[in-house]
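Please have a look at the sequence and the structure first.

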Amino acid sequence: KFRTMKPDTAHVASHLASASAITPFGGFLRKTKLDELPQLWNVLLGDMSLVGPRPCLFNQEDLIYQREKRGVLNYRPGITGLAQVNDIDMSTPELLAETDAKMLVGLATIDYFKYIFMTLIGKGKGDRVKKL
């Protein structure tokens, strides 16, 4: 991903970071979701999918547990998905894991393209960041 936060920012999930840590250009990249473009390389390599559960950090134990419980970690991670277009992020691990599982169970080709389209037109606001 592109760097959207100041270099000295702690390595935490976006919902745990302060809004003051985001650079002005980083705010633009996040709002337009252009910060995700470098991940297309991972899609081309086959490590990620365009649609799937967003990868989590190694220290997000609650989310990892909730996803393991629902079998979500058995799927390839993605750049966007049902949770992202519905403003559900890693600040609510159980809801995120439930939404990921729901998406994966019923993911049809039409849904795959629908989530991509919804992401491109700006549905979902991106990662939540604590306001000052």
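Let me begin with a term: a residue counts as buried under 20% relative accessible area, as exposed over 50%, and as partly exposed in between, with a 1.4 Å probe and protein chains only. What you see is a predicted model, in which local features need pLDDT of at least 70 and side-chain atom pairs count only at pLDDT 80 or more, while totals for chains, interfaces and linings use all residues. Residues are numbered from 1 along each chain as its sequence is written, and side-chain values use heavy atoms, with hydrogens and water left out.

A search of the whole structure gives 4 salt bridges, each being a side-chain nitrogen of Lys or Arg within 4 Å of a carboxyl oxygen of Asp or Glu.

Arginine 70, glutamate 94 and glutamate 98 are linked in a network of such bridges. From glutamate 98 to arginine 70 the N to O distance is 3.5 Å, and because glutamate 98 lies in helix α5 and arginine 70 in helix α3, this pair ties together parts 28 residues apart in sequence. Helices here are DSSP runs (H or I, at least four residues), numbered from the N terminus. Glutamate 98 is partly exposed at 37%, and arginine 70 is partly exposed at 25%. Glutamate 94 meets arginine 70 at 3.9 Å, N to O.

Elsewhere, aspartate 111 and lysine 114 form a salt bridge at 4.0 Å, both lying in helix α6, 3 residues apart. Is aspartate 111 buried or exposed? Aspartate 111 is buried, at 17%, whereas lysine 114 is partly exposed, at 40%.

Methods: Helices (H or I, at least four residues) and strands (E, at least two) are DSSP runs, numbered from the N terminus.
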